[in-house]
Amino acid sequence: TWQVVAIFMVLAANLSEQQALKQACPSCDASQLCNCSSMSLDFIPLGLTAKITVLNLAHNRIQHIRSQDLQQAVNLRALLLQSNKISSIDEDSFQSLAKLELLDLSNNSLAHLSPQWFGHLFSLQHLHLQGNSYRDLGQSSPFSSLRNLSSLQLGNPWFSVIRQGNFEGIEFLHKLWIDGSNLSQYEQGSLKSIKKINHMIINLRNSNIFSEIVRDLLHSVIWLEVTEIKLPAEKKSLVQNSTQTFRIQKLTFTEAFFTDESISRAIVLLKPITSLKELEGINCVLEGKGRWNTKEIARSGPSFVETITIIKVMIQNFHLFFDLEGMESQINKLKRLTIASSNVFMVPCNLARNFSSLLYLDFHDNLLVNQRLNETICEGSWPSLQTLNLSQNSLKSLEKTAKYTSRLPKLINLDISRNNFGEIPDACKWPEALKYLNLSSTQIPKLTKCIPETLEVLDVSGNNLKEFGLELPSLKELYLTRNQLKTLPGAAPIPNLVALSVRRNKLNSFSKEEYVCDSPLAVRGAQVGAVRLSLMECHRSLVVSLICVLVFLVILLLVAVGYKYHLVWYLRMTWAWLQAKRKPKRAPPKDICYDAFVSYSENDSEWVENTMVRELEQACPPFRLCLHKRDFVPGKWIVDNIIDSIEKSHKTLFVLSEHFVQSEWCKYELDFSHFRLFDENNDAAILVLLEPIQSRAIPKRFCKLRKIMNTKTYLEWPAGEEQQQVFWENLKGALKS
């Protein structure tokens, strides 16, 4: 017996927990993904089971994680607890989560990290701990058991110390993100224990420890991104006496601050790192005029960097910036150069001629004008250049732009979009090898022979073109979006075209003899002029839309007609009649519970409940009355309540008044009792008039009730007390009959 009781208690407890879980987090019900975020929860809900694989509890008010909270959720793959108020976690809270792959505890109030939390998370790949209040990682490594960890995010505005051994146990990371904005102490060698890091981002303001961290990462990290650093003018070499192979390939500075001196030293110190191929600066500030120590830079040997990207760099008094004379020997191996949104207005000719290996040049969103472009692309400059982007500058003359770029013998791709040319000449001189030309959004009104015939790709979108009649035999892709075209270009002048974009034009015709169909499949390859398609095939979306609109209008019309002619009333009457017809016309005497069912308006309730009910139910013998307020079964459908009450009553008493006629409630009671009372031609109905009422005031659809008002005797409530006594005697007599 005790075993049965124990099993019952366990089942009851589980059922109770599941009900608590469903109440606290409805989305958890019968789902592997349990989304309980932003529900103001103060605790982890009870009832979590092994079927749940994703549990989202972010943006709540949880303060503590207990040992038993997650004990049953053994199949969890992702646990999201970010943006709560978690300040304490029991050491074995995550012990059962051996399959967990993602744990997010960011933006909470954890003042320390315990290795015991992560001791059994053998499958964990992603761990987010940033935005808490801990100041260090402890004396040892909290992550020593996380052998499968792939990404780690940690740190906060109070994080100040990194010690040796803090990262022991981690050998490989795809991504490491450290918020070290207030990092003040770094023990040399702390990050060396990680053998390989694909991408590391560190927010660092203390320039004194920048060099120490970089030295530890040269042989492990592939891409290092440093934000908010004020780059120091470091004297000591970054390369230590080591036989290890360099891994670092890309170095990015975001929102950093440079001076002429710090840039000069950085160029010198980075040269020995032979694996470094890419430098990037985004949203940085340069305080200086380009007075770099070019002699020291030249003496330090050649640079191995092949790609430089500079985006949104602010140089105060940029128009006073020096021409970087003396840097010629440092740029001859550069292959890709991007300087965008940085107020570049020219490149000195002597400097441009030394970019001997450059293949890709991007100067978009700058201040280049045609006069300065003449010097920037002078004779002999950029000898190997294949791709040039001059979009969104201040170029005004298309003829001059073409002339200057023709000095680039190997140029294949040219983007001069979003310059305001306005006009286009009849003829232009372009690079002989040019294959791609982007002239979109340049305000050109037409196309002329200025466009080179060698092109394979042409983009003239976003202009004011009204026609396209060029002959371009090599063209494969043509972009004509956002123009004023009324007809498609002819196919004969562009025989090798593969892709054509003509969206957002004013097309109304095209040469049907020159184009073939691609779809539907049944007519693919046939000439457009020879194909006849039905309206549905050509305009399927339009036809479907019209059908939907028509169906909607028909439904709307039916609703309006039904409302006007009381269709709903007739449907309800039919349903009530069908229900009533299924039952016997008279209930057996043993089923009669009341002497009368009283139908009255709520506005007449004071007279009914305080006067009539008291008079009849306190009579000798008393009458049993059925009132909807008092005797209807709660939760039962009103139709069934009315029909059952009428059938269980000997009589039905209607208290008629102007309020009764206007009351929707009374109308429904008449609706559902109409057939039952008057189709049987019996005397079950008693009519009481509280006030004079004309039969025409009764709705026309109650035709038999109107007839009965004209033929049947009814009781009228009198004003005088003597007549009232006679009224009560007559009413009691009618109820007894």
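In which sense do β15 and strand β17 pair, and over how many bridges? I found the parallel sense, over 3 bridges, with β17 covering residues 285-287.

**Ground rules**

I am working from a predicted model, where local features need pLDDT of at least 70, side-chain atom pairs count only at pLDDT 80 or more, and totals for chains, interfaces and linings use all residues. Residues are numbered from 1 along each chain as its sequence is written, and side-chain values use heavy atoms, with hydrogens and water left out.

**Strands**

I take helices (H or I, at least four residues) and strands (E, at least two) as DSSP runs numbered from the N terminus, and I call two strands paired if DSSP finds at least two bridges between them. I traced an open sheet of 3 strands in the order β15-β17-β19, with parallel pairing. Its edge strands are β15 (257-259) and β19 (314-315), each of which pairs on one side only.

Helix α3 (residues 260-270) lies across β15 and β17 and runs at about 90 degrees to β15. For that angle, axes are lines fitted to C-alpha atoms, for helices over the stretch in contact, and angles run from 0 to 180 degrees between N-to-C directions.

I also followed strand β16 (residues 278-282), which pairs with strand β14 (residues 250-254) in the parallel sense over 5 bridges. There, F253 stands opposite G281. β16 pairs with strand β18 (residues 307-311) as well, again parallel and over 5 bridges, and E278 stands opposite T307 of β18.

**Aromatic rings**

I count rings of Phe, Tyr and Trp (its six-membered ring) as a pair if their centres lie within 6.5 Å; planes under 30 degrees apart are stacked, over 60 edge-to-face and the rest tilted. My search of the whole structure gave 14 aromatic pairs. W607 and W728 are stacked, because their ring centres are 6.2 Å apart and their planes at 10 degrees. W607 lies in helix α11 (residues 605-617) and W728 in helix α17 (residues 721-736), so the pair ties together parts that are 121 residues apart in sequence.

Are these two buried or exposed? I use buried for under 20% relative accessible area, exposed for over 50% and partly exposed in between (1.4 Å probe, protein chains only). W607 is buried at 13%, and W728 is buried at 5%.

W717 and F727 are edge-to-face, because their ring centres are 5.2 Å apart and their planes at 80 degrees. Both W717 and F727 are buried. I noted one aromatic cluster too, formed by W117, F118, F143 and F167.

**Cores**

I define a nonpolar core as a set of buried Ala, Val, Leu, Ile, Met, Phe, Trp, Tyr and Cys residues joined through side-chain atoms within 4.5 Å. Which members of the largest core touch the most others? Of its 145 residues, those are F94 and F167. Helix α3 gives the largest share of this core, 5 residues. A second, separate core has 23 residues, among them W607, F623, F727 and L735.

Last, I checked F167 for contacts (heavy atoms within 4.5 Å). Setting aside neighbours within four places in sequence, F167 is in contact with residues including L137, F143, L152, I178 and I194.
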